[in-house]
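Keep the sequence beside you as you read.

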Amino acid sequence: MSVIFESSRKGRRSMVHAPMGITLKEAGGRAILSDLPENALRTAPLPLPEVSELEAVRHYTRLSQINYSIDTNFYPLGSCTMKYNPKVCNTLALHPGFLGRHPLSPVDADLGQGVLSCLYDLQRMLKGLIGLPGVSLTPMAGAQGEFAGVAMIRAFHDARDDRNRTEILVPDASHGTNPATATMCGYTVKEIPTLSDGDVDLEALKAAVGPQTAGLMLTNPSTLGVFERSIREMAKVVHDAGGLLYYDGANLNAIAQRVRPGDMGFDCVHLNVHKTFATPHGGGGPGAGPVLVNQRLMPHLPIPTIRRGTDDEGRDIFRLTDASEYPQSMGPLSAFAGNVGVLLRAYVYLRLTGSNGMRRVSEFAVLNANYLMKRLTEAGFTAAFPERRATHEFILTLKNEADSFGVTALDFAKRLLDYGFYAPTIYFPLLVPECLLIEPTETESKEELDRFVAAMIAIRKEAETEPETVRTAPHTTPVGRLDETRAARQPDLVWSADTTRT
Ligand SMILES: *Cc1c(COP(=O)(O)O)cnc(C)c1O
């Protein structure tokens, strides 16, 4: 695939359209330019590609066709909740009144009350969903929500001058961001092992807890795709030792409107609205990771939050809080009110889905995962935790296939691309050998799930009869097997006119 600059030919133009009418000059552009200092003005025209409209359309349409997306195919990428996001959420979040608003605009009726009331309502809905009374929407990703949570736990202990708590307990089936977060907040991570049935080893937890325990970070459902059965006991053990409880809520799709982390005793929860509530997730962003807390942590919330008051005539007035109201706040984590576009999508999604709808979302997410797990195990695949009910995702281990046919989880994943499916997450979690972590989500039909099962069965047959086809897959994609380390460390992303391409 080339970059559009390579198609550039000097002087080539598309037809010039100016249907909407106003030119930069009429809009006062000249006046603005004349305000700029001489040395800030461009002396030569921008080196833009010179292509016809048709060339530009073809270039970008082709690019979009090479791109794999949920709009075209099944995307069972475990731990990521790659569900279909209703277009209406996007359309409403892109309303010109939202999109065109400058974040420094006044928050008066004309310019700010609309967006602030939406964000306030989102705060209210998230509090209800999680069962905790405090929220800040500002963290810009799940991992930043975690950071906010653990930093607040630290602030809580520090405020009480309880400074000998140096450890955070992290079960080894937690998401990798959990130990990373604890480390970034200056804690030592103490890893808690998992039992063979997928639950946290409660005895090991009891042995690890002590006066040095600042808290526990729990991913639930865990990355093993199971709901932690001893969760209440774990909460009690940690609280009794004076530690606080952090809930990684990125897997909320499995539990929304069924159980609430606040009711389980957790002090702090982060959500990934870009997984659960309608923002396409992937490629590293954009996202938002609101953080919810109980009374104990509320003084430390990141600012700003959205508050409601009333004006002289008793009408609602919404405003952003600042440091004067939260003297113990950990401070701002993002510019302005956070990633407002993503938050608005979540707001629209929750308003349209409603609480009954959200309950159906989690029911069908779990049903789809269990259906798929059942069909695949009936077809001869091995579930990593066959005795457990799946949550919204589950794990297959392809160790048998690797031993018998010399075809690995990676080979299966690559071959699935030829069959038109995005590959599930592979080799994560690290606890299960040759694993595929499969998350179908509630938005897939039974027919689509059946097609996926058929592809898996077909690949298994190939592994037996023509393993080389599987080992050298994919055969149909623009790129095949990348050197993943080199692609990450030395990405070839910059084009310049004198780059000679091979
Ligand atoms: C995705 C995920 C995260 C991290 O979220 P980001 O938005 O990618 O930073 C944390 N925990 C779990 C369980 C996740 O699935």
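Start with strand β2, residues 167-171, in this predicted model. Five of its five residues are buried, so β2 is largely enclosed by the rest of the structure. Buried here means under 20% relative accessible area. Now look at which way the residues point. E167, L169 and P171 point one way from β2. I168 and V170 point the other way.

Next, find the neighbours of β2. Strand β3, residues 188-192, runs parallel to β2, and five bridges join the two. Within this pairing, E167 stands opposite T188. How does the chain get from β2 to β3? The path goes through helix α7, residues 177-184, and this β-α-β crossover is right-handed. Strand β4, residues 213-219, also pairs with β2. These strands run parallel too, joined by three bridges. Here I168 stands opposite G215 of β4.

Now turn to the ligand. There are 13 residues around it, and G142, A143, D248, H274 and K275 come nearest. Which helix gives the largest share of this shell? That is α6, with three residues. Helices α6 (142-159) and α10 (273-276) each supply at least two residues of the shell. By class, the shell has three nonpolar, seven polar and three charged residues.

Zoom in on the oxygen atoms of the ligand. For H274, a polar side-chain atom lies 2.7 Å from a ligand oxygen atom. S79 uses its backbone instead: an N or O atom there lies 3.0 Å from an oxygen atom of the ligand. The ligand on its own has 380 Å² of accessible area, and the protein covers 87% of that.

Terms used. Residues are numbered from 1 along each chain as its sequence is written. This is a predicted model: local features need pLDDT of at least 70, side-chain atom pairs count only at pLDDT 80 or more; totals for chains, interfaces and linings use all residues. Side-chain values use heavy atoms; hydrogens and water are left out. A residue is near a molecule or strand if one of its heavy atoms lies within 4 Å of it. A polar contact is a pair of N or O atoms within 3.5 Å; within protein, one must be able to donate a hydrogen and the other to accept it, and residues adjacent in sequence count only if both atoms are side-chain atoms. Accessible areas come from the Shrake-Rupley method with a 1.4 Å probe; for residues, only the protein chains shown count as cover. Helices (H or I, at least four residues) and strands (E, at least two) are DSSP runs, numbered from the N terminus. Ala, Val, Leu, Ile, Met, Phe, Trp, Tyr, Cys and Pro count as nonpolar, Asp, Glu, Lys and Arg as charged, and the others, Gly among them, as polar. Buried means under 20% relative accessible area, exposed over 50%, partly exposed in between (1.4 Å probe, protein chains only). Two strands pair if DSSP finds at least two bridges between them. A crossover is right-handed if, with the strands pointing away from the viewer, the path from the first strand over the helix to the second runs clockwise.
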